[in-house]
Amino acid sequence: MRYFLLFIYFCATLSATAQTVQDYVSARLQHPVLKGACWGGAAAYANAPEDELFSVNADTRLTPASTLKLLTTAAALETLGPEYRFQTNLYAEAQPDENGVLKGNLYLQGGGDPTLGSTRVAGAESWQAVTKKWAKAVKDAGITRVEGNIIADVSLFEGPSVGPKVNWENMGNYYAAPASPLSFNDNSFKIHFSPQPRDGKPAETASTEPEVPGLTLKSFVTADGKNKKDNAYVYGAPLQNELEIYGTIPTNFTGFTISAALPDPAFFAAHALKTELEKQDIFVLGVPQTTYTAPDYTMMPLLHAYQSPKLKDIVVIINKRSFNLYADMILRQLAVHAGKKGSLQNGLEELNKFLRENRLAGPEDTVIYDGSGLSRDNLVTPRTLLRTLAFMTTSPNFTYYYNSLATPDDRGDLLLLRRFLKPRKAVSRVRVKGGTIDGVKAAAGYVTDEKGNQIAFVLIANNLATKSEAIFRIHEDILKQLLAQP
């Protein structure tokens, strides 16, 4: 009888704890910032995801913003493996003759490496360093003159390079850069504005970094004395070299810089190689080009094979820095790994297949248009995210997944929860992936309770009418409740 009563007491305690969290969340959601908005979320111990500590609209499809990257990176780690590397090959169409003349083309075969020519990931090299390696490989092959073209092979991918639901305001900007199997320099470039200290006056473009061949910029930007941030937007579609810039930048005496999407990253890579070859006194008779049809490489000499950092390191940038391009690139690589063309649609099919096969989502739980969460039209239930977080705790890849998420005081992920928990010094017990687009604020990840048990959580607010940070404080308070679980 004694043990029976203890058992009843134990169950009642657990029930009361869960009810307390549920009640607390329900009360916090009465805040005016959520008037007219839609909020959904859930939390559960990772080893028992069906026994939720709280649940609100957990089966309602909501826009996840960048918390969608949790699904993409989970699928990539489980499918490709943490040690996976991308490879970009440089081929010569033939052997050079006795005079060092290559009577044919040089080919850059894009392998889907999102980090090529970028220093964001540990171990990666700048685009200048990469082109120097390629040029050295050409010289080491005995080639002193190229009588063909420098051709960028982008046949690994097909279809639109930007998601169909990405809006026009975002498309020409660095955070919506087009995916390419031959990505280069994060598929972005910098636009430098001349100094403009006068409020309301036009801000003129001074230069770009790097110089982009064939690019035309028209600036309709003005300087704003009250604005301290970049509110300028670049308008332009992939492969479009005429870009227009609208909005405002702060008044300044030293100039101002924004970042934009490269219209044609593969062409830029081919052009950069041609420029470097000529610096090395290797004359190129032809021109940079791109091809969507792969040549037969079986008989071509391989001059250089450039390998990316490991996927586990790339995933850190995707989640901690919420880097859209890398997420959309590895989504396409899921399709390539499955023997398909690296299209957005094929990548989405593989992602949904991963979710279904592991019972993380049903057919009606997700409507996904990209791998990054940039589209406002993406829809995912909070429970799908919760199940994915719990599923990954059972994976041998969990350490890489967990460490790719930011702590509240991390420089990455927009510092979404940058102030909370500091008095409690509990920052190390939280890992979070944030998500922010217009009208959406989301956070998902893990907290570790006072006994060292991991709790997975998902918090998503949609249709917010203001940019008030009150929603962050609500989310922080909910996490504090989870951290305090006995």
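Predicted model: local features only at pLDDT ≥ 70, side-chain atom pairs only at ≥ 80, totals over all residues.
**Entry 1: the β20/β21 hairpin**

I started at the hairpin of β20 and β21, where two residues sit between the strands and Gly439 has a positive phi near 80 degrees. Residues are numbered from 1 along each chain as its sequence is written, and side-chain values use heavy atoms, with hydrogens and water left out.

Next I looked up the pairing, where two strands pair if DSSP finds at least two bridges between them. β20 (residues 430-437) and β21 (residues 440-448) run antiparallel, with eight bridges. I noted two of the partners: Val430 is bridged to Val447, and Gly434 to Ala443.

How much of β20 is buried? Seven of its eight residues are, so the strand is largely enclosed by the rest of the structure. Buried here means under 20% relative accessible area, exposed over 50%, and partly exposed in between (1.4 Å probe, protein chains only).

**Entry 2: the sheet around it**

I then followed β20 into its sheet, which is open, has five strands in the order β2-β1-β22-β21-β20, and pairs antiparallel. β2 (52-56) and β20 are at the edges with a single partner strand each, so one side of each has no neighbour in the sheet. On average, neighbouring strands here are turned by 5 degrees against each other, direction ignored. For that angle, axes are lines fitted to C-alpha atoms (for helices over the stretch in contact), and angles run from 0 to 180 degrees between N-to-C directions.

**Entry 3: helix α2**

I checked the span of α2 (residues 69-80): its twelve residues reach 16 Å from first C-alpha to last, close to the 16 Å expected at 1.5 Å a residue. The expected span is 1.5 Å times one less than the number of residues.

Is α2 mostly covered or mostly open? It is mostly covered, with ten of the twelve residues buried. Among the buried ones are Lys69, Leu70, Leu71 and Leu80. After the helix comes Gly81, with a positive phi near 95 degrees.

**Entry 4: salt bridges**

I searched the whole structure and got 17 salt bridges. The criterion is a side-chain nitrogen of Lys or Arg within 4 Å of a carboxyl oxygen of Asp or Glu.

Asp477 is in helix α11 (residues 470-483) and Arg28 in helix α1 (residues 2-28), so the pair ties together parts 449 residues apart in sequence. Asp477 counts as buried at 19% relative accessibility.

Then I took Asp59 and Arg383, with 2.4 Å between the closest N and O atoms. This pair also links distant parts of the chain: Asp59 is in the loop between β2 and α2, Arg383 is in helix α9 (residues 382-392), and they are 324 residues apart. Asp59 is exposed at 53% relative accessible area, whereas Arg383 counts as buried at 13%.

Glu476 counts as buried at 5% relative accessibility, and Arg473 as partly exposed at 22%.

I also wrote down a network of salt bridges that links Asp97, Lys103, Arg145 and Glu147.

Which residues sit on either side of the cis peptide bond? The bond runs from Glu209 to Pro210, with omega near -5 degrees. Pro210 is in the loop between β9 (205-209) and β10 (216-219).

Asp186 has phi near 60 degrees, lies in the loop between α4 and β8, and is buried at 7% relative accessible area. Asn187 is not a glycine either, yet its phi is positive at about 55 degrees.

Asn187 is in the loop between α4 (168-171) and β8 (188-193), and its relative accessible area is 0%, which makes it buried. What does it touch, leaving aside neighbours within four places in sequence? I listed the contacts of Asn187 (heavy atoms within 4.5 Å): Ala177, Pro178, Ala179, Ser180, Ala260, Ala261, Leu262, Pro265 and Leu325.

Terms used
Helix = DSSP H or I, 4+ residues; strand = E, 2+ residues; numbered from the N terminus.
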